[in-house]
Amino acid sequence: MTDFGKLAGELDGTLFLPGDPGYAGECFTFHLLQPLTPDAAVGAASVADVQAAVRFAGANDLAVAVRGGGHLQTHSAAGALLITLDRMNGVTIDARRRTARITGAARWQEVIDAAAGAGLAPLSGSATTVSAIGYVLGGGQGPILSRRYGYASDHVTSFDIVTADGRARTVDAAHEPDLFAALRGGKGNFGVVTGMEIGLFPAATVVGGGIYFPGAATERLLPAWRDWAATLPEQATTSFAVQWLPPFEVLPPMLRGAHVVHLRYAYDGPAGIGTALLEPMRAVAPALLDTVAEVPYPVAAVLHNDPTEPAPVLHRSLGLAELADETLAELIRHAGPDLLSVEVRALGGALDRPPATPDSVPSRGLPYQLTAFALATPDDLARQAGNLAALIGALRPWADRRQMVNFLAPDEATDPAQLRVVYGPELYDRLLAVKRRYDPTSMFRMNHSIRPV
Ligand SMILES: Cc1cc2nc3c(=O)[nH]c(=O)nc-3n(C[C@H](O)[C@H](O)[C@H](O)COP(=O)(O)OP(=O)(O)OC[C@H]3O[C@@H](n4cnc5c(N)ncnc54)[C@H](O)[C@@H]3O)c2cc1C
């Protein structure tokens, strides 16, 4: 039995053991089917707390799990020490330099709100409840500005990190450049990231929103979307999702329990041009709901309408090299009522270009990213996992080796063989070399684990 009492005495923050009031809250995650059950949770209040927790874990041969926004825990963390960072959250905007300094598990929403005051915006993702740091560690592709400016991790200028030896380091392109490159795409393998500085972009308003079309128009809409998306300039970003929405009252009445195609669209430029570019899609079918308009960035930021509450959800993901007519036919065939949402994002533009300094994002050049979600209860887990697997299997003929790391499902992210395929052997071996140097015993293995041992 590990004696956690000594660690509790060293902390500015709080240590929680199973059964303690507050333990369940500290172990919060969005995925109700994958609860966190660590041997202890450290609610760190300072970098010194993170160092103390990591050193304690090292001395007691414990694995360390990290929870940021709680959107994609790959393990239960049973037997491990969990570190949470909410007490360290902070966002400071430097409007003149167009940068944000972000600490702890600050969520994108906090960054968006702080930046908006200066007419600036971050390269946030579709869910603003995701932690900014957790997101950029996997690259980070957003629904508004990503085709214009690239992955969010391209615009990180420095990270503060506590590595497995308990040292607090600041790394950037000039200081420990190999670690800096590994952190931008290599996920949580190299330590606990306590802070970062990112670039912001002038985007006070954008054209953005979504169009919900009736599901009956799916067969016309998807080929039209594919052909239209290919013509868009880099200022425009789009995706679609075939959805069977639940009958929840939070949804507008026409969407409750409805089968829909949700087209998402954003344009960063003159509103007249952005609106005109969308016209061909507006003409394909009458909409149930159309919210696309020139709006402040914080309004557009949630244009996907991602859930904001924890849910019992399973997911799978796949990079797609093309969307042939047959690909779309298979997608439609498998995107039946059992699946909550089957989403395809059109990538390209700046997402294809190399970053200014080396990084570890493996998905550059990938044309499309698919992510599929299914609600499940413990009783029908296997059936729903089977439905997701059937979709992925049917689309395999059009798969690309590359995938966006952030969308890997837990079983995809924790399979070293699959991770090696996603990163490609050269990049994987580079990440492995950095892992061997900074975390030789694999203390940080409760994640998308690059395995040195
Ligand atoms: C609804 C939804 C929408 C999404 N939309 C997008 C999107 O538009 N674009 C995109 O790129 N991704 C998107 N994602 C994926 C998301 O970016 C990843 O799941 C990300 O890892 C979530 O980070 P988190 O901190 O919120 O989650 P957590 O579950 O807290 O963390 C996930 C993992 O990240 C690592 N981690 C997190 N914080 C730290 C830290 N400070 N130090 C070290 N390691 C850390 C840990 O390994 C941890 O296990 C979406 C996910 C969901 C669920």
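Analyst: A polar contact is a pair of N or O atoms within 3.5 Å. Take the ligand here. One of its oxygen atoms is 2.8 Å from a polar backbone atom of Gly 69. The model is predicted: local features need pLDDT of at least 70, side-chain atom pairs count only at pLDDT 80 or more, and totals for chains, interfaces and linings use all residues. Residues are numbered from 1 along each chain as its sequence is written, and side-chain values use heavy atoms, leaving out hydrogens and water.

User: Which elements give two or more residues to the shell around the ligand?

Analyst: Helices (H or I, at least four residues) and strands (E, at least two) are DSSP runs, numbered from the N terminus. Here they are strand S3 (64–67), helix H5 (132–136) and strand S10 (192–199). H5 gives the most, with three residues.

User: Which residues come nearest to the ligand?

Analyst: A residue is near if one of its heavy atoms lies within 4 Å. There are 31 residues around the ligand, and Gly 68, Gly 70, Ser 131, Gln 141 and Lys 187 come nearest. By class, the shell has twelve nonpolar, 15 polar and four charged residues. Ala, Val, Leu, Ile, Met, Phe, Trp, Tyr, Cys and Pro count as nonpolar, Asp, Glu, Lys and Arg as charged, and the others, Gly among them, as polar.

User: How many aromatic pairs are there?

Analyst: Rings of Phe, Tyr and Trp (its six-membered ring) pair if their centres lie within 6.5 Å; planes under 30 degrees apart are stacked, over 60 edge-to-face, the rest tilted. That rule gives eight aromatic pairs. Phe 4 and Phe 56 make a tilted one, with 5.5 Å between centres and 35° between planes. This pair links distant parts of the chain, 52 residues apart: Phe 4 in the segment before helix H1 (5–10), and Phe 56 in helix H3 (residues 47–59).

User: Are Phe 4 and Phe 56 buried or exposed?

Analyst: Buried means under 20% relative accessible area, exposed over 50%, partly exposed in between (1.4 Å probe, protein chains only). Phe 4 is buried at 7%, and Phe 56 is buried at 9%.

User: Why is the pair of Trp 228 and Tyr 265 called tilted?

Analyst: The ring planes are at 45°, so the pair is tilted; the centres are 5.7 Å apart. Trp 228 is in helix H8 (residues 218–229) and Tyr 265 in strand S14 (residues 259–267), so this pair too links distant parts of the chain, 37 residues apart. Trp 228 is buried at 6%, and Tyr 265 is buried at 0%. Elsewhere, ring pairs join Trp 225, Phe 240 and Tyr 368 in a cluster.

User: Where does the charged end of Arg 184 sit?

Analyst: A charge sits over a ring if NZ of Lys or CZ of Arg is within 6 Å of the ring centre and within 35 degrees of the ring normal. The charged end of Arg 184 sits over the ring of Phe 180, 4.3 Å from the centre.

User: What is the phi of Glu 176 and of Ser 442?

Analyst: Glu 176 has a phi near 50°, positive in a residue other than glycine. Glu 176 lies in the loop between strand S9 (168–171) and helix H7 (177–183), and is partly exposed at 25%. Ser 442, also not glycine, has a positive phi near 60°. Ser 442 lies in the segment after helix H15 (425–438), and is buried at 3%.

Methods. A polar contact is a pair of N or O atoms within 3.5 Å; within protein, one must be able to donate a hydrogen and the other to accept it, and residues adjacent in sequence count only if both atoms are side-chain atoms.
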